[in-house]
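Hi,

Here is the structure I promised to pass on. Open it up next to this email, and I'll walk you through what turned up.

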Amino acid sequence: MKPINEMHLRFPSVSANEAFARAAVSTFVAQLDPTLDELCDTKTAVSEAVTNCIVHGYRDTIGTIYIDCALYENGRVVIRVRDRGCGIENLKQAMEPLYSSAGGERAGLGFAVMQSFMDKLRVQSRPGQGTTVVLEKTFSPRVHTNG
Amino acid sequence: MEDPVQNTACPVQLRLKENTLTAWLCGEIDHHTARKIREAVDEAASRVRPERLILDFSAVQFMDSSGIGLIMGRCKLLAAWNGRVIVRHVPPKLERIVSLSGLQTLCDVEEGGPRHETDQ
C-alpha cells in the first residue's frame, strides 16, 4: 500500500532536538485525527527512540538522526528512526526491561515503552553501522460528521 | 507569550519545610530537561538531607522514561541517609508510564492526579 502522505527529517543528535523531534512527528501524524491518548503514546515512543540515538548510538559524538514518517489510508502510521552510530551488540539484552548500558540515570525502559505504547516495534542493528527502530500504530477510526 | 511557569529555564521549584523537601516539576521531562531538574534537586537535597523528598508532577505535560530514571536516581540518593521519595499528583496521561516502570516498589506513588484536572 502506498502512503497517503510522508515526511522526512534529519537533525544532529543534540539533546535539545528531542522535544523538536517528538513535536514534529506528532504535528505531522495529527492529520490522521488520532485521539489525544494515541497522540501522546506516539510522542512518547518517538522521544524514546530519539533519546536512544543520542545516548547510545552517538554516545561520544554528534551524528545525524533520520526520521521517516509515513501515513496510510486506514489510519496506520509508520515511523522509522535511524542513526549511523555504534549499533547494539546484544539486541536481546538491550530490549530487556530495566537493562541499561548507560547506567546511573537511565531507567532502561526505552524499548519497553516503545513496545507497549505502539502496536508494533521492530529493531534492526549492526555493530559499528547503526540502529533502525520502526514504530507502527493504527489509530482508531473516528466517526465524522460533515457540516 | 508563553506562560513563564512552563518556561524550560525553570523546570523545577523547590521548597523546604520541616524536613520535607518538595520539588514542583513543570513542563516536559525528557533526557534533555531531566538534567537541569536533577542538578537543582540534588544540590538542595544533598545539602539539607531531608527525611522526605516530594516530587510533584501536577504541572508536567509530558514525560518519557527519562522521568522514570530521574525518580529512580533520587530514590537512590535519598536512600543514602534513609530518606524517602514520594511521587505526587501524577496526571492521568502519565499514569501509564509510571505503572509500567514498577516504581511503586521503590518509592511511594500517591493515588490521585492533580486537583485542577477536569478532563478524563
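One thing before you dig in: this is a predicted model, and every value below was computed from it.

**The cavity**

Which residues line the largest cavity? From chain A you'll find Cys40(A), Thr44(A) and Phe117(A), and from chain B there are Phe62(B), Met63(B), Lys93(B), Leu94(B) and Ile97(B). Three elements put at least two residues each into this lining: α2 (36–57) of chain A, plus β3 (52–63) and α3 (92–101) of chain B. The top contributor is α3(B), which gives three residues. Sorted by class, the lining has six nonpolar residues, one polar and one charged.

**Chain B as a whole**

Chain B has three helices and five strands, and along the sequence they come in the pattern β-β-α-β-α-β-α-β. Of its 120 residues, 47% are buried. If you take the contacts in chain B with a separation of 6 or more, 71% of them are between residues 24 or more positions apart. Its accessible surface is about 6400 Å², with 48% of that belonging to carbon and sulfur atoms.

**The largest pocket**

Now for the open space. The largest pocket holds about 500 Å³. In chain A, α2, β3 (76–83), α3, α4 and β5 (130–138) each give two or more residues to its lining. The largest share comes from α2(A), with six residues. How many residues line this pocket, and which lie nearest its centre? There are 28 in the lining, and the ones nearest the centre are His56(A), Ile88(A), Ala94(A), Ser101(A) and Phe111(A). By class, the lining splits into 11 nonpolar, 12 polar and five charged residues.

**Helix α4 of chain A**

Have a look at α4(A) next. Six of its eight residues are buried, so the rest of the structure largely encloses this helix. The buried ones are Gly110(A), Phe111(A), Ala112(A), Val113(A), Met114(A) and Phe117(A). What covers them? Among the covering elements are α2, α3, β4 (120–126) and β5 of chain A, and also α2 (65–79) and α3 of chain B. You've met two of these residues already: Phe117(A) is in the lining of the cavity, and Phe111(A) is one of the residues nearest the centre of the pocket.

- Asn52(A) is in helix α2 of chain A. Is it buried or exposed? Asn52(A) counts as buried because its relative accessible area is 19%, and the cut-off for buried is under 20%. Leaving out residues up to four places away in sequence, Asn52(A) touches Gly57(A), Phe111(A) and Met114(A). Phe111(A) and Met114(A) are both on the list of buried residues of α4(A).

- Ala21(A) belongs to helix α1 (residues 17–29) of chain A. With a relative accessibility of 0%, Ala21(A) counts as buried. Beyond its neighbours within four places in sequence, Ala21(A) contacts Phe11(A), Val46(A), Val50(A) and Ile67(A). Its C-alpha atom is 8.8 Å from that of Lys43(A), a residue 22 positions away along the chain.

- Tyr99(A) sits in the loop between α3 (91–94) and α4 (110–117) of chain A. Its relative accessibility is 31%, so Tyr99(A) counts as partly exposed. Outside the four places on either side in sequence, Tyr99(A) is in contact with Gln93(A), Ala94(A) and Gly108(A). The side chains of Tyr99(A) and Gln93(A) are joined by a polar contact of 3.4 Å. The C-alpha atoms of Tyr99(A) and Leu109(A), 10 residues apart along the chain, are 7.5 Å from each other.

- Arg76(A) is in strand β3 of chain A. A polar contact of 3.1 Å links its side chain to that of Glu136(A). Leaving aside neighbours within four places in sequence, the contacts of Arg76(A) also include Met1(A), Leu32(A), Ala70(A), Leu71(A), Lys137(A) and Thr138(A).

Note on methods:
Residues numbered from 1 in each chain as written. Chains lettered and ligands numbered in written order. Predicted model: local features only at pLDDT ≥ 70, side-chain atom pairs only at ≥ 80, totals over all residues. Heavy atoms only, no water. 1 Å grid on protein atoms, 1.4 Å probe; cavity = no way out; pocket = protein on both sides within 12 Å on 5 of 7 lines; lining within 4 Å. Helix = DSSP H or I, 4+ residues; strand = E, 2+ residues; numbered from the N terminus. Nonpolar A, V, L, I, M, F, W, Y, C, P; charged D, E, K, R; others polar. Buried < 20%, exposed > 50% of the residue type's maximum accessible area, 1.4 Å probe, protein only. Contact = heavy atoms within 4.5 Å. Areas by Shrake-Rupley, 256 points an atom, 1.4 Å probe, with all protein chains shown as cover. Polar contact = N/O pair within 3.5 Å; in protein donor to acceptor, adjacent residues only side chain to side chain. Points joined across faces, edges and corners; volume = space filled by probe spheres on them.
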